[in-house]
Amino acid sequence: MAEKAIRLGGESTAAAITQAVQELYPEHKFTEAEFARKDNAAEIAVDTNFAAQSFWKDVRIRFFRKKSAVLGLVMIMIILLLAVFGPGMNAYTYSGQDLSQKNFAPRVPGIEQFGILDGSEKMSTTTGTKIVNNYVEKGKDDVYYWFGSDLYGRDIWTRTWEGARVSLIIAVAAAVIDMVIGMSYGLISGYFGGKVDMLMQRFLEVANGIPRLVIVTLLLLVLQPGMITIIFALMLTEWVGMSRIARAEMLKLKDQEFVLASRTLGAGSFFIIFKEVLPNIIGPIITQVMFSIPTAIFTEAFLSFVGLGIPVPQCSLGSLISELYNSFTTHPYQIIPPIVVMSLLMLSFNLLADGLREALDPKMKSM
């Protein structure tokens with residue numbers, strides 16, 4: 001009985017083990033405390049939370065710890081919501097004109113009672129400066145333009161958020177298309193190497209050597225200006241940076257053990273490229289896409305500013321700036337909204353991209 005109790009000590013109670021040992025050694029006095037099972041969970045000190053934490057959960061935690069990245073994300077969400085719902089928040093349309101209400105200063109209901117945004121503006125004349133309120137002079141007491149109206153009596157609030165919507169659509173669409181083209185081109189070039197890589201890289205250098213403005217200008221002169229044409233023009237010029245990043249990541253990973261194992265098991269080249277390597281470089285790809293969006297916004301604004309962008313009566317942030325900069329000296333309030341929105345968009349996407357870069361790269365933990 002004693003031997004059985006000792007052999008089954010893990011399954012027996014402390015009292016049974018104590019009794020069995022006491023029978024074996026009657027000359028000694030044993031207590032149950034000496035054979036009680038010890039709880040050593042605190043001594044082992046296994047961090048069960050970290051052990052069960054996935055990679056994407058860790059990315060999310062690191063991202064939300066960076067306040068600037070969260071601020072950028074919040075600003076992007078606010079601008080995105082205003083771009084979607086802003087044009088429908090009043091009775092005006094982006095193309096509607098009323099020449100009797102042109103050059104009205106910003107006027108916001110409720111706030112006007114405090115003497116700000118009440119429709120008055122300071123005008124410079126030959127005899128000095130004077131305060132002018134077109135709402136009062138023309139008897140438009142029930143009219144409100146939150147951002148003011150332009151030279152043709154169009155609501156700047158509606159046109160600003162309509163332009164932000166168009167600019168975001170163009171930038172995001174161009175960035176996604178460039179990601180697909182550049183990523184595929186770079187991965188294929190880096191994986192096959194040799195003559196294939198040499199030929200593909202020489203073609204890339206030739207394409208990158210042609211000035212971007214020349215390609216875009218010639219393309220827009222041949223095709224009809226519009227949103228699709230601008231997206232196509234950006235697609236032809238913005239994929240080079242993505243392909244270089246994808247090729248560099250492929251050269252770093254294609255000799256790893258998991259790639260060799262897949263090749264040994266008979267996996268095809270494209271299966272390895274897009275099923276094995278691509279998931280391991282998704283972090284740098286996402287980061288590059290986030291950085292390419294503000295670049296696309298700026299490029300679209302530049303093209304619209306020089307007259308190669310969105311045709312009237314449609315508008316983008318760049319075309320709005322191009323239209324309104326002539327009124328900067330006389331009515332400066334007109335150009336401020338599109339400039340501020342475009343600046344906040346570019347700043348927010350850069351902050352978001354910087355936060356994603358640190359969150360997706362585990363090596364940035366120690367920095």
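**Entry 1: the whole chain**

I began with burial and found that 40% of the 367 residues in the protein chain are buried. A reminder to myself: this is a predicted model. I then looked up the secondary structure, and the protein chain has 17 helices and 2 strands. For the surface, I noted an accessible area of about 20800 Å² for the protein chain. Carbon and sulfur atoms hold 64% of that surface. I also checked the contacts with a separation of 6 or more, and 69% of them join residues 24 or more positions apart.

**Entry 2: what the record says**

I turned to UniProt next. Its unreviewed entry gives the feature "transmembrane region" for residues 69-89, 168-192, 213-240, 260-278, 290-312 and 332-353. I picked two of these stretches from the record and looked at how the model draws them. Residues 260-278 are 74% helix and 0% strand, and I read 15 Å between the C-alpha atoms at the ends. For residues 332-353 I found 82% helix and, again, 0% strand. There the end C-alpha atoms are 32 Å apart.

**Entry 3: helix H14**

I wanted to know which residues of helix H14 are buried. In this helix, residues 269-277, they are Ile272, Ile273 and Val277. Viewed down the axis of H14, the buried residues fall within an arc of 100°, so they line one face of the helix. Then I asked what the buried residues of H14 pack against. My list has helix H8 (156-192), helix H12 (240-253) and helix H13 (257-264).

**Entry 4: helix H11 and Thr229**

Helix H11 spans residues 227-237, and I listed its buried residues as Thr229, Ile230, Ile231, Ala233, Leu234, Met235 and Thr237. Their cover includes H8, helix H10 (212-222) and helix H15 (282-305).

Is Thr229 buried or exposed? Its relative accessibility is 9%, and buried means under 20%, so Thr229 counts as buried. Setting aside neighbours within four places in sequence, I found Thr229 in contact with Leu219, Leu220, Leu223 and Gln224.

**Entry 5: H16 against H17**

As a general point, two packed helices are described by the angle between their axes and the distance between the axes. I looked up both values for helix H16 (residues 317-324) and helix H17 (residues 336-360): the axes come within 9 Å and cross at roughly 145°. I noted the crossing of H16 and H17 as left-handed. From H16, the contact is made by Leu317, Leu320, Ile321 and Leu324. From H17, I wrote down Pro338, Ile339, Val341, Met342 and Leu345.

**Entry 6: two residues between H7 and H8**

I went to the loop between helix H7 (134-137) and H8, where I found Arg154. Arg154 has 7% relative accessibility and therefore counts as buried. What does Arg154 touch, not counting residues up to four places away in sequence? I got Tyr94, Ser95, Gly96, Gln97, Gly148, Ser149, Arg159 and Glu323. Arg154 and Gln97 are 57 residues apart along the chain, yet I read 5.0 Å between their C-alpha atoms.

Lys138 lies in the loop between H7 and H8 as well. With a relative accessible area of 40%, Lys138 is partly exposed. Beyond its neighbours within four places in sequence, Lys138 is in contact with Ser100 and Phe104. Lys138 and Ser100 are 38 residues apart in sequence, and I read 8.6 Å from C-alpha to C-alpha.

I finished with some backbone angles. Asn103 is in the loop between helix H6 (67-85) and strand S1 (120-125). Its phi is near 55°, a positive value in a residue other than glycine. I also checked the cover on Asn103, which is buried at a relative accessible area of 11%.

Leu117 lies in the loop between H6 and S1 too. I found a positive phi of about 50° for Leu117, although it is not a glycine. Is Leu117 buried or partly exposed? At 39% relative accessibility, Leu117 counts as partly exposed.

How values were computed
Residues are numbered from 1 along each chain as its sequence is written. This is a predicted model: local features need pLDDT of at least 70, side-chain atom pairs count only at pLDDT 80 or more; totals for chains, interfaces and linings use all residues. Side-chain values use heavy atoms; hydrogens and water are left out. Buried means under 20% relative accessible area, exposed over 50%, partly exposed in between (1.4 Å probe, protein chains only). Helices (H or I, at least four residues) and strands (E, at least two) are DSSP runs, numbered from the N terminus. The arc is that of the directions from the helix axis to the C-beta atoms. Contact means heavy atoms within 4.5 Å. Accessible areas come from the Shrake-Rupley method with a 1.4 Å probe; for residues, only the protein chains shown count as cover. UniProt positions are given in the numbering used here, feature names are shortened, and annotations may be inferred rather than shown by experiment. Axes are lines fitted to C-alpha atoms, for helices over the stretch in contact, and angles run from 0 to 180 degrees between N-to-C directions. A crossing is left-handed if the near helix is turned anticlockwise from the far one by less than a right angle, and right-handed if clockwise.
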